[in-house]
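Colleague: Hi! I'm new to this one, could you walk me through it?
Modeller: Happy to, let's look at it together.

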Amino acid sequence: VMEKLNVLFKGYSDYPPTAFIMCGNFLSSPKVMSHAKTLKDCFRDLGALLSNYPKIISTSQFVFVPGPNDPGHSTILPRPTIPNSITEAFRKKVPGAVFTSNPCRIQYCTQEIVVFREDIVTKMCRNCVKFPADGNVPTHFAKSLISQAHLCPLPLHVSPIYWAYDNGLRLYPLPDVIITADKFDPFTTTAVSATIVNP
């Protein structure tokens, strides 16, 4: 992964983008006692890699959205940020880094972007009342999210919600772009005036 990230940053080194949005899980291994230390070491290595590209560090914003297997409670939404004790060394090398909650909202000029790292498409397919006859899952998924005005319109026993922060999962007013970083096949679809993307 670090080799491929080096290729990516090298390609963008002359013309850095406005932002890099990176979604967890940031480690492929399941949670174990040494998970936090390994994650801390990996972020330190990523900071060292990025220090080779000062133009990217000075120009681009780095947004890190935690995944289900990152530190913190893994089953309740929304998820908190990755603890500062893990990301401290990285943030010293890359001051433009933002470690955010999951989901997060990004305002770019007049556009509002919602980033949600959860395998929500799979969960919704598994718990749907009537599976779409035409098999067009992305379109039906987008319509379900927008008509429910919620990122996780599932029963509580399927996906528990921390009610004090449920407003972070609401989609009203409707954002311009919704990014659902899911294991499902990549898709881009439009419903009402919103674009729903699964990279």
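**A chat about the model**

Modeller: Let's start with Val137, which counts as buried because its relative accessibility is 9%. Keep in mind that this is a predicted model.

Colleague: Thanks! Where is Val137 found?
Modeller: Val137 is part of helix H6, which covers residues 137-148.

Colleague: And which residues does Val137 touch, leaving out those up to four places away in sequence?
Modeller: Those are Val121, Cys125, Phe131 and Phe184. Phe184 lies 47 residues from Val137 along the chain, and their C-alpha atoms are separated by 10.0 Å.

Colleague: What about Cys128?
Modeller: Its closest cysteine sulfur is in Cys125, 6.1 Å away, so that is too far for a bond as well. Cys128 is partly exposed, with a relative accessible area of 31%.

Colleague: Now helix H2. Which of its residues are buried?
Modeller: In H2, the buried ones are His35, Leu39, Phe43, Leu46, Gly47, Leu49 and Leu50. They sit on the same side of H2, because they cover an arc of only 160° around the axis.

Colleague: What do the buried residues of H2 pack against?
Modeller: They pack against helices H1 (2-12), H3 (54-59) and H4 (84-93), and strands E2 (61-65) and E3 (97-99).

Notes: Residues numbered from 1 in each chain as written. Predicted model: local features only at pLDDT ≥ 70, side-chain atom pairs only at ≥ 80, totals over all residues. Heavy atoms only, no water. Buried < 20%, exposed > 50% of the residue type's maximum accessible area, 1.4 Å probe, protein only. Helix = DSSP H or I, 4+ residues; strand = E, 2+ residues; numbered from the N terminus. Arc of directions from axis to C-beta. Contact = heavy atoms within 4.5 Å. Disulfide = S-S within 2.5 Å.
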